[in-house]
Amino acid sequence: KALDDAEISHQSEAVCERLARHPWFVASRTVGIFLSMPKGELRTEPILRRAFLEGKRVFCPRVMGDGWMELFEVQSAEEATSLPLSKWK
């Protein structure tokens with residue numbers, strides 16, 4: 001059963017709150033976070049915003065070519081959310 005947008009948003013916020021309390025997240029200075037697709041999956045924007053609020057360095061994956069990804073640093077949640085979306089093969 002697919003979740004509706006309201007339920008995905010609710011669950012995404014719950015995941016963010018739980019992650020933000022985890023000792024590994026609390027202790028980290030650098031995190032890697034995937035950029036969520038617009039529909040059908042966990043929304044990572046709350047996690048991005050929390051990481052920046054806490055002064056963490058944030059890296060996101062970028063598809064570089066067929067079957068290849070690299071992590072790159074983003075400077076703000078706004079920069080991360082403005083990046084073009086692509087599907088990983």
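Which side chains does a polar contact of 2.6 Å join? The side chains are those of Arg43 and Ser9; a polar contact is a pair of N or O atoms within 3.5 Å, where within protein one must be able to donate a hydrogen and the other to accept it, and residues adjacent in sequence count only if both atoms are side-chain atoms. The structure is a predicted model, in which local features need pLDDT of at least 70 and side-chain atom pairs count only at pLDDT 80 or more, while totals for chains, interfaces and linings use all residues. Residues are numbered from 1 along each chain as its sequence is written, and side-chain values use heavy atoms, with hydrogens and water left out.

**Arg43 and its surroundings**

- Arg43 is placed in the loop between E1 and H3; helices (H or I, at least four residues) and strands (E, at least two) are DSSP runs, numbered from the N terminus.
- Arg43 also forms a salt bridge with Asp5 through their side chains, at 3.2 Å from N to O; the term denotes a side-chain nitrogen of Lys or Arg within 4 Å of a carboxyl oxygen of Asp or Glu.
- Because Arg43 lies in the loop between strand E1 (30–32) and helix H3 (45–53) and Asp5 in helix H1 (residues 5–21), the pair ties together parts that are 38 residues apart in sequence.
- Asp5 has a relative accessible area of 37% and is partly exposed; buried means under 20%, exposed over 50%, and partly exposed in between (1.4 Å probe, protein chains only).
- Leaving aside neighbours within four places in sequence, Arg43 is in contact (heavy atoms within 4.5 Å) with Asp5, Ile8, Ser9, Ser12, Ser36 and Pro38.

- Ser36 lies in the loop between E1 and H3 and counts as buried at 16% relative accessibility.
- The side chain of Ser36 reaches the backbone nitrogen of Thr44 at 3.2 Å.
- Not counting residues up to four places away in sequence, Ser36 touches Glu41, Leu42, Arg43, Thr44 and Leu85.
- Ile8 is found in helix H1 and is buried, with a relative accessible area of 7%.
- Residues touched by Ile8, not counting those up to four places away in sequence, are Leu3, Gly40, Glu41 and Arg43.
- From C-alpha to C-alpha, Ile8 and Pro61 are 22 Å apart in space, and they are 53 residues apart in sequence.

**Other salt bridges**

- A search of the whole structure finds seven salt bridges.
- One of them joins the side chains of Glu78 and Arg49 at 2.9 Å, N to O.
- This pair links distant parts of the chain, with Glu78 in helix H4 (residues 77–82) and Arg49 in helix H3, 29 residues apart.
- Both residues count as partly exposed, Glu78 at 47% relative accessibility and Arg49 at 35%.
- Another salt bridge brings together the side chains of Arg50 and Glu54 at 2.8 Å, N to O.
- Arg50 counts as partly exposed at 24% relative accessibility, as does Glu54 at 35%.
- Salt bridges that share partners join Glu17, Arg50, Glu54 and Lys56 into one network.

**The nonpolar core**

- The largest nonpolar core has 15 residues; such a core is a set of buried Ala, Val, Leu, Ile, Met, Phe, Trp, Tyr and Cys residues joined through side-chain atoms within 4.5 Å.
- The residues with the most contacts inside this core are Val31, Ile33, Leu48, Ala51, Val58, Cys60 and Val74.
- Two or more residues each come from H1, H3, strand E2 (57–65), strand E3 (68–74) and H4.
- H3 gives the most to this core, with three residues.
- Val58 is in contact with Val31, Ile33, Leu48, Ala51, Phe52, Phe72, Glu73 and Val74, leaving aside its neighbours within four places in sequence.

**Charges over rings**

- The charged end of Lys56 sits over the ring of Phe25, 4.7 Å from its centre; this requires NZ of Lys or CZ of Arg within 6 Å of the ring centre and within 35 degrees of the ring normal.
- The charged end of Arg62 likewise sits over the ring of Phe72, at 4.0 Å from its centre.

**Thr30 in strand E1**

- Thr30 has its place in strand E1 and is partly exposed, with a relative accessible area of 41%.
- Leaving aside neighbours within four places in sequence, Thr30 is in contact with Arg57 and Phe59.
- The C-alpha atoms of Thr30 and Thr44 are separated by 16 Å, and these residues are 14 residues apart along the chain.
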